[in-house]
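Dear colleague,

I am passing this structure on to you, and I would be glad if you opened it before reading my notes. Please keep it in view while you go through them.

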Amino acid sequence: MLALDPLIKQRLAALPALTGWKARSFFDLEDRSEQPAMSLRCPGATLGKGSKSAAMVQPVWRITLTVERKAGIAPLDAAIEAVIGSLQGWRPEVVQGQRGWEPLQLEGITEPETLDGGLLGYQLSFSTGGLYQ
């Protein structure tokens, strides 16, 4: 499931609405203070209906979009719209010959739990599913 990380990051980094945004994932070792930023992470997964020989693993991918408060809400709103348009219903390609994935589905939009007072941000959560033998 973690092999989806570079595919999602690459897809989002290519969006015109995110031009100039720092695109990073949880696995990147770098300065995280640069703004505006799109941060990607997989905080966990649930289990769907599988079979005796396969488990349906349903990871959640969380995209956190942040801008400096002085930038206003327009760039953040445009980024939210672009991310939803890019990921909703998108089916990731087969990764490293492992398995196919279900199309991503938007699960929710929330404010980040911790956010510096000088930043505005929202988290978009998407789920998908893949069979593990």
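Which residues of α1 are buried? They are Leu4, Asp5, Leu7, Ile8 and Leu12, where buried means under 20% relative accessible area, exposed over 50% and partly exposed in between, with a 1.4 Å probe and protein chains only. These buried residues pack against β1 (22-25), β2, β3 and α2; helices (H or I, at least four residues) and strands (E, at least two) are DSSP runs, numbered from the N terminus.

Before going further, please note that this is a predicted model, in which local features need pLDDT of at least 70 and side-chain atom pairs count only at pLDDT 80 or more, while totals for chains, interfaces and linings use all residues. Residues are numbered from 1 along each chain as its sequence is written, and side-chain values use heavy atoms, with hydrogens and water left out.

Leaving aside neighbours within four places in sequence, Leu18 is in contact (heavy atoms within 4.5 Å) with Leu12, Met38, Leu65, Ala79 and Val83.

The two helices α1 and α2 also meet directly. Their axes, which are lines fitted to C-alpha atoms over the stretch in contact, come within 10 Å and cross at roughly 130 degrees, on a scale that runs from 0 to 180 degrees between N-to-C directions. The helices α1 and α2 are therefore oblique to each other, since angles under 35 degrees count as roughly parallel, over 145 as roughly antiparallel, 65 to 115 as roughly perpendicular and the rest as oblique. The contact is made by Ile8, Arg11 and Leu12 of α1 and by Val83, Ser86 and Leu87 of α2.

Two residues of α2 deserve a separate look. Ser86 lies in this helix and is buried, with a relative accessible area of 7%; not counting residues up to four places away in sequence, Ser86 touches Arg11, Leu12 and Leu15. Pro75 also lies in α2, but Pro75 is partly exposed, with a relative accessible area of 29%.
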